[in-house]
Amino acid sequence: MSTAQTPAKSSLYNFFAPGGLLSKTHPAYEFRRGQLQMAQAVEAALDEKRHLIVEAGTGTGKTLAYLVPAIRSGKRVIISTGTKNLQEQLFHKDVPFLQRVFFPNGDEKLRVCYMKGRNNYLCRQKLYDLEHSPILSGLEEIEQFRIIQDWEKHTETGDRAELGQLPEGAPLWPKLDARTEACTGQKCQQYERCFITEMRRRAAESDIIIVNHHLFFADLAVKRAAEDAPDAGILPEYAAVVFDEAHELEDVAGSYFGVQVSNLRFDELARDVEITLRNKKVLTAAIENTLGSLRQRAQFFFAVLPPGEGRFAFTARPEFLEENGDEWIGIQRGLTRLVTELQSIPQKPDEVHNLIRRAEELRVQLGFILENTDANTVVWIERRRFERGRGGRENVFLQATPIDVSQILRQALFDQIETVVLTSATLAVAGPRTTLHEEPENSSSFTYIRSRLGLDHARDLVVPSHFDFPSQALLYVPPDLPDPRTPQFASQAATRIRQLLEITRGRAFCLFTSYAQMHDIFERLENELEFPMLMQGSAPRSVLLDEFRHTPNAVLFATAAFWQGVDVQGEQLSCVIIDRLPFAVPSDPVVAARVRAVDNAGGNAFFDYQVPAAVITLKQGFGRLIRSLHDRGLLTLLDNRILKKQYGKIFLHSLPDYQRSTRLEDVERFFGLSPQL
Ligand code: SF4
């Protein structure tokens, strides 16, 4: 950003404080001390080129607290969010607001852009190729194709979000999107007018670039693999990055620094080879034969993988390779033969080089997954069923995930970028103990997040909440319910939920740690409750949320998908009930590998990893209730291990200072149903 465009640097106090710029321009202005503190900390981190961790609860107004210093810094700053909702709020609400604040006369423009993953954008070349040889299935797809053809002529962004008529998950879109796999980059005839090129140009001219964690880590992983070659990745150089919803970083980073191979990738490769070579008129009978054989070999190979449901570890790989040598050699030879055939095409069109690279990459990645002995990698299998659009088939994903991403992030992120800010409503964990090194300047509340992410040197801050939790929320824990791991729990929990919902008149989220528990309790209450009951899975998430908002006294039964990123303000949500402390499933292959790794390194996985991770999830879940200064309601944890076990104190100390009780009468009193004492 040029000096002329940088908004004047008066103090942040003059911006956020009563009588300041914000108070004069924001329709719902309130002075929030935490917001000012956070903004000052972010500004100092940017000025001093330091890293920073900030926990800022709901209601702090944290988006302005980092956007304002980022804009004033004059540096290029990436803002990365965990959810699309937040990404959109930043771009469509906060940035236009700041534009009006900083440049009321419209004489300058903030240089901000919004980037999504490549698969959100149309590939013009693919569209034109399909125009000439359409391989479309059914009338619906032909109609959708026409809509996209018309849209391509006038869209400026090529972002499919503009295409309201195209249903989510439409099978046509993956045939047209701009993913790297089929892109020939500068050799493409459409390169100059490509939407990705245009997005890159906009980014190169922007000071603030709004992305999501997936795009950020995809870019970082590509750059790391390419050893920072100048053209690698999609993001231009930047001085700083702010991660909002930073509690999600470990999982997202793990997925991008890992490797995934699936039967779908084989199908897609074979399909793209066929379409491309046919379009280029170089498809021979020999190659068709090779593709047929590759498809068959892939089918055989994925069919002999160890059986199992959901996600499970793939530990006995040497034995597997020994027993299934024919299938293993078959799939490798299938890929090698395809590469050889493609290489032998005379005067190869550019697209063919791309296909060769993809086939090679698939062979190398499959080899890594099956043969690596890296102690920091866990290999696992996941089976997923796709009901829609893919004929109800089962897809099998082979994954190699880094067990500990801290070393990777230390080298690729924290040591490379001068300022990284991590913020979220849930990052801090109160800890009576720590086995890890702490800097004197830091509090132990962030030991967990620092150690998981490899952030050794950073200032940290917990900003005071803007909400009055002691008067806005009551946390009730029934002391008399059995341990949630016992068979008696479900029936007694259902009875207590019914009692609570009668007091709150429904208006509740019942959040569960497993589908089985959710279904069980839902069925037990189905004919017992007088309130409308909704259950996750019966409709898409956004539809359910809408129904919940508009149905008086509704009760929603849900699992992990509703623990975060859900915002229902007002009386309609007056109660959040959680069934048990949300420890990650210990049999999950990645969780199990992380637990083993912490123990093997001399730590105590329960206290150093499992409890802090569960604390953060619990804070997220309870965070659904109080979304504004006017919200008021009941939080219930049906798992009284929080009172009875030693580790329960860590959870209790980490939660906001809600009013707390173990008596049902206090719940009634809170809702005005029994006389005040
Ligand atoms: S440059 Fe790549 S993404 Fe862009 S139109 Fe060409 S092939 Fe498609």
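Me: What makes two strands a pair?
Reply: Two strands pair if DSSP finds at least two bridges between them. Strands themselves are DSSP runs of E with at least two residues, while helices are runs of H or I with at least four, both numbered from the N terminus. This is a predicted model, where local features need pLDDT of at least 70, side-chain atom pairs count only at pLDDT 80 or more, and totals for chains, interfaces and linings use all residues. Residues are numbered from 1 along each chain as its sequence is written.

Me: How do you know that β12 and β17 pair?
Reply: Strand β12 (residues 473–476) and strand β17 (residues 633–637) share four bridges in the parallel sense, and the definition asks for at least two, so they pair. You can look for Ala 473 opposite Gly 633 in β17.

Me: Which sheet do they belong to, and what is the order of its strands?
Reply: It is an open sheet of seven strands, β14-β15-β13-β16-β17-β12-β18, with parallel pairing.

Me: Why are β14 and β18 called edge strands?
Reply: β14 (533–535) and β18 (659–661) each pair on one side only.

Me: How many helices and strands are in the chain?
Reply: The chain has 26 helices and 18 strands.
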